[in-house]
Amino acid sequence: MSTNVLATPADVDLLPTQDGEDLRAAVRSVLAAQCDPTAVIACYDGDRSVVAPLWRALAVDLGLAGLLVPEEHGGHGATARDAAVVLEELGAAVAPVPFLTSSVLATGLLASPTATDAAAEVLTALAAGEQVATLVVPWSTGPGDVPLLGSDGGAVRSVAGAVEADVLLVPVAAAGGTEVRAVPVAAAEVTGVPSLDMTRQLADVRVSAEALAAAPVVVADADAALTDALTLGAALLASEQAGIIRWCVTTTVAYLKERRQFGRVVGGFQALKHRLADLYVEAEQATAAATWAAATAAEGAGPDAGPDEARLASAVAASYCSRVAVHAAEETVQLHAGIAMTWEHPAHLALKRAKSDQIALGSPEQHHVIVADLARLPGPTAG
């Protein structure tokens, strides 16, 4: 039975910092220049020409690829609070870049305490923006529920980040326990599949026994490391969802202040004011939950926040922000009326990303079970 972490919450600082706001401004500037919604929408027609130059500008020019990589491996050694700022901006723009899958999930796994010497070489390449890595599990995989390949290889369906990856981090059930092997993408079969969110396209990955045998072990005794990486991923996915929510509220309010119907501004109708007020409250609560999750993850090695509290904060944020992001995107489509029903409107980008994120890295029901376990409450059955 897990410890009841609600009795001793850590005293984490949730206020923004000047460094964080400077980072936000820099990311926002790059996205404004190189992430036009029209180019992002083209991903749905198979045109992914926006991805490589945008990722190069973010990963190399701004150095975001190495944000969470320890300094001894060429990274910036920043914390989850800094990564959360980046993901809020990427979420608001529905940016089609592998920051979450490579610079958070893969990096978090490779920087774990049980990482081997072989992981250092991959981390250095990730920090320099020379390579992109991804964890080879179904995108719906939550913390503590990792499917493993056997030593004879096999296929994994619906992997996020594999289309852009150079290195595949494959969890394997070996004779000595769970380990993660780094397989070059050239030694595997990666097949992109039609995805609800084509800005984060999923792919089916097949790895042969020969490729696994030739790949170095980068994380040994990897059960805890995989759970920690997926917990961190879920915590920071909430920040991406907070960014989507912010874009939806801001864009919808601006539209309703200009749109006129029956001789008056639509936003003046009381019913719409109430809907927007309710949505604004949900948005603030979601941002607070996401910030708490990121701050707790950043304090994970400190004296006040243990791993259970990081898991609790991550599960709360993941379950709550998933629901609010979808609701905000649905409200955006509805309140923009006819123009948001067209394929070309960016509201569709937000809605598809929000719906896809809702089942990513663990469903809300799975995270409810984690919360119930940590708080010693009777929980629902995982869906």
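## Basis

Local features in this predicted model need pLDDT of at least 70, side-chain atom pairs count only at pLDDT 80 or more, and totals for chains, interfaces and linings use all residues. Residues are numbered from 1 along each chain as its sequence is written, and side-chain values use heavy atoms, with hydrogens and water left out.

## The sheet

Four strands form an open sheet in the order β1-β3-β4-β7, with mixed pairing. Strands here are DSSP runs of E, at least two residues long; helices are runs of H or I, at least four long; both are numbered from the N terminus. Two strands pair if DSSP finds at least two bridges between them. β1 (133-135) and β7 (217-219) stand at the edges with a single partner strand each, so one side of each has no neighbour in the sheet. From one strand to the next, the twist averages 40 degrees.

β3 (residues 167-174) and β4 (residues 177-184) run antiparallel and are joined by eight bridges. A174 stands opposite G177 in β4.

## Helices on the sheet

Helix α5 (residues 99-110) lies across β1, β3, β4 and β7, at about 70 degrees to β1. Axes are lines fitted to C-alpha atoms, for helices over the stretch in contact; angles run from 0 to 180 degrees between N-to-C directions. Helix α6 (residues 117-127) also packs on the sheet. It touches β1, β3 and β7, and its direction makes about 75 degrees with that of β7. Contact means heavy atoms within 4.5 Å.

The axes of α5 and α6 come within 10 Å and cross at roughly 155 degrees. That makes the two helices roughly antiparallel (angles over 145 degrees). S102, T107 and L110 of α5 meet A119, V122, L123 and L126 of α6.

## Nonpolar cores

A nonpolar core is a set of buried Ala, Val, Leu, Ile, Met, Phe, Trp, Tyr and Cys residues joined through side-chain atoms within 4.5 Å. Buried means under 20% relative accessible area, with a 1.4 Å probe and protein chains only. The largest core has 69 residues; L58, L90, F99, L109, L169, V218 and L236 touch the most other members. Helix α8 (residues 223-256) gives the largest share, eight residues.

Not counting residues up to four places away in sequence, L109 touches L135, L169, V180, V219, A225, L226 and A229. Another core, of 24 residues, lies apart; L279, A290, A328 and A354 are among them.

## A buried serine

S356 is found in helix α11 (residues 347-358). Its relative accessible area is 12%, so S356 is buried. Leaving aside neighbours within four places in sequence, S356 is in contact with W139, L196 and D197.

Technical notes: Buried < 20%, exposed > 50% of the residue type's maximum accessible area, 1.4 Å probe, protein only. Parallel < 35°, antiparallel > 145°, perpendicular 65-115°, else oblique.
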